[in-house]
Amino acid sequence: MRFKPRRNPNRAIRNRKMELKYILESVLFSAQKPLSVKELRDVLAAAADMEGADATAKSLGKVKEAELLPALEELARDHETAARSYRLACVAGSWQFVSQPDYAPWLRALVGIKSRPPRLSQPALETLAIIAYRQPITRAEVEQIRGVNVDGTMQTITERGLVHVVGRADVVGRPPTYGTTPLFLEYFGLRALEDLPAADELRRIPVEKPPGPVTADPGLATSPPEQLALAEADKPNPETLPPPPAEP
């Protein structure tokens with residue numbers, strides 16, 4: 001009597017992880033641009049819906065994004081251990097294969113040297129660092145920390161697409177607040193803001209915030225505090241008002 005061998009669930013899980021890892025590798029190798037985890041998941045879902053999709057494609061069609069990230073990180077470690085001329089990198093939340101810097105001379109000879117925007121000045125870098133570590137932050141708060149006017153540098157880094165308006169401060173005048181963009185992460189080769197170098201001293205610099213807006217009545221426009229004080233002083237005292245005339 002023959003017994004059917006029992007299926008090993010751990011082996012099935014390992015096989016699924018290996019398949020997923022190598023599928024991601026082939027997709028990223030052929031991609032013309034960096035791909036985010038969501039975009040990779042969309043590729044897997046589209047492959048599962050294609051006519052003639054096999055069992056593997058269908059099984060990976062509903063894979064969760066939380067399952068993709070460990071596979072990508074393991075794939076990056078595999079390439080790092082292999083010490084190849086390229087590696088898998090995550091920049092600004094998107095994954096791509098990149099060449100090692102040691103091979104830059106030969107790649108320049110192959111593709112030529114592309115014109116790059118001029119380097120950021122030291123004042124622009126200082127302003128950008130303050131925004132990166134203290135965002136969301138207003139222009140006035142940046143000037144408090146730097147101690148100089150930052151109109152020119154703010155215009156430069158905004159035009160370069162490194163910072164943008166992210167909201168409005170809850171203070172008088174509602175000035176815009178600024179934060180960094182995905183292009184900032186790409187420019188400095190960072191996966192996320194959490195990868196910024198430690199700068200506890202910069203984060204601890206106190207910033208004096210202006211007072212918040214004072215509202216005369218709910219639903220009405222805000223009024224300066226001095227106007228509210230005058231309006232309050234002009235209100236008649238109910239105790240000193242003459243009694244209303246008696247009805248005839």
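**Entry 1: D170 and R174.** I looked up D170 and found it exposed, at a relative accessible area of 55%; exposed means over 50%, buried under 20% and partly exposed in between (1.4 Å probe, protein chains only). I noted that the side chain of D170 meets that of R174 in a salt bridge, 3.6 Å from N to O. A salt bridge here is a side-chain nitrogen of Lys or Arg within 4 Å of a carboxyl oxygen of Asp or Glu. R174 counts as partly exposed, at 40% relative accessibility.

**Entry 2: basis of the entries.** I recorded that this is a predicted model, in which local features need pLDDT of at least 70, side-chain atom pairs count only at pLDDT 80 or more, and totals for chains, interfaces and linings use all residues. Residues are numbered from 1 along each chain as its sequence is written, and side-chain values use heavy atoms, with hydrogens and water left out.

**Entry 3: the protein overall.** I found 11 helices and 6 strands, which are DSSP runs numbered from the N terminus (helices H or I, at least four residues; strands E, at least two). Of the 248 residues, 24% count as buried. The protein exposes about 18,000 Å², of which carbon and sulfur atoms supply 55%; the areas come from the Shrake-Rupley method with a 1.4 Å probe, and for residues only the protein chains shown count as cover. Among contacts between residues at least 6 apart in sequence, 53% join residues at least 24 apart, contact meaning heavy atoms within 4.5 Å.

**Entry 4: further salt bridges.** The structure holds 8 salt bridges. I examined K21 and E74, whose closest N and O atoms are 3.3 Å apart. K21 lies in helix α1 (residues 9–30) and E74 in helix α4 (residues 65–82), so this pair ties together parts 53 residues apart in sequence. K21 is buried, with a relative accessible area of 4%, whereas E74 is partly exposed at 31%. I also found K21, E74 and D78 linked in a network of salt bridges.

I then turned to D151 and R139, which meet in a salt bridge of 3.0 Å, N to O. D151 lies in helix α8 (residues 151–159) and R139 in helix α7, so the pair ties together parts 12 residues apart in sequence. D151 is partly exposed at 36% relative accessibility, and R139 is partly exposed at 28%.

Entry 5: In α7 (residues 139–146), I found E141, V142 and I145 buried. They lie on the same side of α7, because they cover an arc of only 105 degrees around the axis; the arc is that of the directions from the helix axis to the C-beta atoms. G147 follows α7 and has a positive phi, near 80 degrees.

I checked the length of α6 (residues 122–134): at 1.5 Å a residue, its 13 residues should span 18 Å, and its end C-alpha atoms are 18 Å apart, which agrees. The expected span is 1.5 Å times one less than the number of residues. Buried residues of α6 include L128, I131 and R134.

**Entry 6: the open sheet.** I traced an open sheet of 3 strands in the order β1-β3-β2, with antiparallel pairing; two strands pair if DSSP finds at least two bridges between them. β1 (35–36) and β2 (86–91) stand at the edges with a single partner strand each, so one side of each lacks a neighbour in the sheet. β1 pairs with β3 (residues 94–99) over 2 bridges, and L35 stands opposite W95 in β3. S36, in strand β1, is buried at a relative accessible area of 18%. Leaving aside neighbours within four places in sequence, I found S36 in contact with G93 and S94.
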